[in-house]
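Let's walk through this model together, one neighbourhood at a time.

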Amino acid sequence: MQSFDIETLAVRSGYEQTHEQENSEAIFPTSSFRYQSAAQAAARFSGEEKGNVYSRFTNPTVRTFEKRLALMEGGEACVATASGMSAILSTFMALLEQGDHVVSSQSIFGTTKVLFNKYLAKFGIEVTFVSQTVLSEWEQAIRPNTKALFLETPSNPLTEIADLAEISALAKRCDSLLIVDNCFCTPILQRPLEQGADIVIHSATKFLDGQGRGIGGAVVGPELVVEEHVRAFMRTAGPSMSPFNAWIFLKGLETLSIRMKAHCQNALQLSTWLSGHSAIEQVFYPELKSHPQYELACKQQSAGGGLVSFRVKGGQAEAWSVIDQTQMLSITANLGDVKTSITHPATTTHCRVEPEERLKAGITDNLVRISVGLEFIGDIKADLARGLDRL
Ligand SMILES: *Cc1c(COP(=O)(O)O)cnc(C)c1O
């Protein structure tokens with residue numbers, strides 16, 4: 001299977017057909033598994049014999065999703081988790097200990113920041129936040145006890161690009177792991193492991209599902225790290241993915257490639273149109289030539305992705321009025337869905353971030369974020385024009 005192209009892997013890899021000879025992957029909604037004998041039960045429990053024991057540890061449907069995503073990311077192993085947040089939590093709980101230090105981009109998902117500042121801190125793990133795009137800040141933040149570097153690229157909502165080649169080289173120099181949240185690009189647009197990252201994190205809730213149906217996450221990386229450490233934590237602490245959700249995500253992967261291409265096409269058209277609108281101050285999209293890191297984005301990603309942000313002329317009132325005058329778009333903070341969504345980051349996804357920190361990260365009150373879906377682009381533009389044309 002490894003030699004197949006990613007589009008083939010997405011459709012066919014990771015599954016073993018049962019005796020029923022089904023063509024579509026079966027779901028195994030079972031909490032536990034039976035053994036042929038007491039001796040087999042003992043061998044499974046001791047780990048002497050490989051195989052299923054209990055669905056908190058492994059489940060055939062979840063395994064199919066894990067194998068498929070690992071192959072698509074070019075990683076050795078994958079552990080699926082109950083959510084993107086539990087994928088991040090499991091990785092840090094498994095790999096770090098009291099007294100360790102992490103350097104993280106400041107431009108990460110708001111809840112991840114809360115996880116770092118409120119919960120990892122409680123267990124004596126300190127996180128230093130640096131600019132996503134300034135390598136010298138990363139270098140200066142490194143300490144003898146730095147064990148991991150963490151980032152998402154492009155960032156949410158400003159689509160800043162982190163230089164994976166430079167930051168992974170730094171991670172190697174200081175003997176720490178580079179962990180990349182690849183939620184926005186998915187392996188279709190960017191494979192961080194091929195560009196030097198050690199571990200890839202996913203919120204499967206977003207583009208992997210693609211139709212806003214379930215919550216899930218995953219950790220992809222080397223066999224030793226993922227199976228021995230992250231899975232060991234996951235099976236003990238319990239944030240496992242359900243077989244039903246795994247099946248949804250599995251089906252999501254099958255159409256991921258064509259969906260990502262369509263999301264990118266719509267997003268490029270939308271961002272180009274927004275750039276020319278008189279009510280707009282600035283548009284953020286990696287594939288626009290005006291993007292400060294356009295060249296790096298072209299080198300690292302095969303397309304710009306599905307997220308577009310823009311600053312309207314004015315403040316919160318103007319941003320809210322553009323959002324409130326839409327009739328078709330979904331006003332929701334979820335992203336990566338076939339349905340286009342619109343949100344005001346400062347008062348939703350980033351509302352728990354201290355105002356000062358929020359401004360430092362560029363989340364101003366006039367910023368609006370769109371996760372561009374698969375509706376006809378003319379209808380998406382028309383829905384936004386309703387508010388924009390009145391500003
Ligand atoms: C949504 C999101 C998460 C968290 O994922 P959940 O599945 O909601 O727990 C993590 N990182 C990024 C970049 C996200 O967008």
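Strand β11 (residues 341-343) and strand β12 (residues 367-371) run antiparallel and are joined by three bridges. Helices (H or I, at least four residues) and strands (E, at least two) are DSSP runs, numbered from the N terminus, and two strands pair if DSSP finds at least two bridges between them. Within this pair, Ile342 stands opposite Ile370 of β12. Both strands belong to an open sheet of five, ordered β8-β9-β12-β11-β10, with mixed pairing. Its edge strands are β8 (280-284) and β10 (330-331), each of which pairs on one side only. Strands of a sheet pair through backbone hydrogen bonds, either parallel or antiparallel.

Before going further, a word on the ground rules. This is a predicted model, in which local features need pLDDT of at least 70 and side-chain atom pairs count only at pLDDT 80 or more, while totals for chains, interfaces and linings use all residues. Residues are numbered from 1 along each chain as its sequence is written, and side-chain values use heavy atoms, with hydrogens and water left out.

Now turn to strand β6 (residues 199-203). Why is β6 described as largely enclosed by the rest of the structure? The reason is that five of its five residues are buried, where buried means under 20% relative accessible area, exposed over 50%, and partly exposed in between (1.4 Å probe, protein chains only). In a regular strand the side chains alternate between the two faces of the sheet. Both faces of β6 are covered, with Ile199, Ile201 and Ser203 buried on one side and Val200 and His202 buried on the other. Strand β5 (residues 177-181) runs parallel to β6 and is joined to it by three bridges; here Ile179 has Ile199 as its bridge partner. With strand β7 (residues 217-221), β6 pairs in the antiparallel sense over four bridges, and His202 stands opposite Ala218 in β7.

Ser203 leads us to the ligand. A polar side-chain atom of Ser203 lies 2.9 Å from an oxygen atom of the ligand, a polar contact in the sense of a pair of N or O atoms within 3.5 Å (within protein, one must be able to donate a hydrogen and the other to accept it, and residues adjacent in sequence count only if both atoms are side-chain atoms). Asp181 has a side-chain N or O atom 2.6 Å from a nitrogen atom of the ligand, and Met85 places a backbone N or O atom 2.9 Å from a ligand oxygen. The protein buries 92% of the 380 Å² that the ligand exposes when taken alone; such areas come from the Shrake-Rupley method with a 1.4 Å probe, and for residues only the protein chains shown count as cover.

Which other residues surround the ligand? They include Ser83, Gly84, Phe109, Glu152, Cys183, Phe184, Thr205, Lys206 and Gly216.

Next, look at the loop between β4 (146-152) and α7 (164-173), where Pro154 lies. The peptide bond from Thr153 to Pro154 is cis, with omega near -5°. Pro157 is found in that loop between β4 and α7 too, and the bond from Asn156 to Pro157 is cis, with omega near 5°. Thr159, also in the loop between β4 and α7, has a positive phi of about 55° although it is not a glycine. Most residues other than glycine have a negative phi, and most peptide bonds are trans. Thr159 is buried because its relative accessible area is 2%. Gln21, in the loop between α1 (6-12) and α2, has a positive phi of about 60° without being a glycine, but Gln21 is exposed, with a relative accessible area of 63%.

Asn59 sits in the loop between α2 (38-46) and α3 (60-73) and counts as buried because its relative accessibility is 1%. The Asn59 side chain reaches the backbone nitrogen of Thr61 at 2.9 Å. His263, in helix α11 (residues 256-275), counts as buried at 0% relative accessibility. Leaving aside neighbours within four places in sequence, the contacts of His263 (heavy atoms within 4.5 Å) include Phe207, Gly305, Asp337, Val338 and Leu374.

How values were computed
Near = heavy atom within 4 Å.
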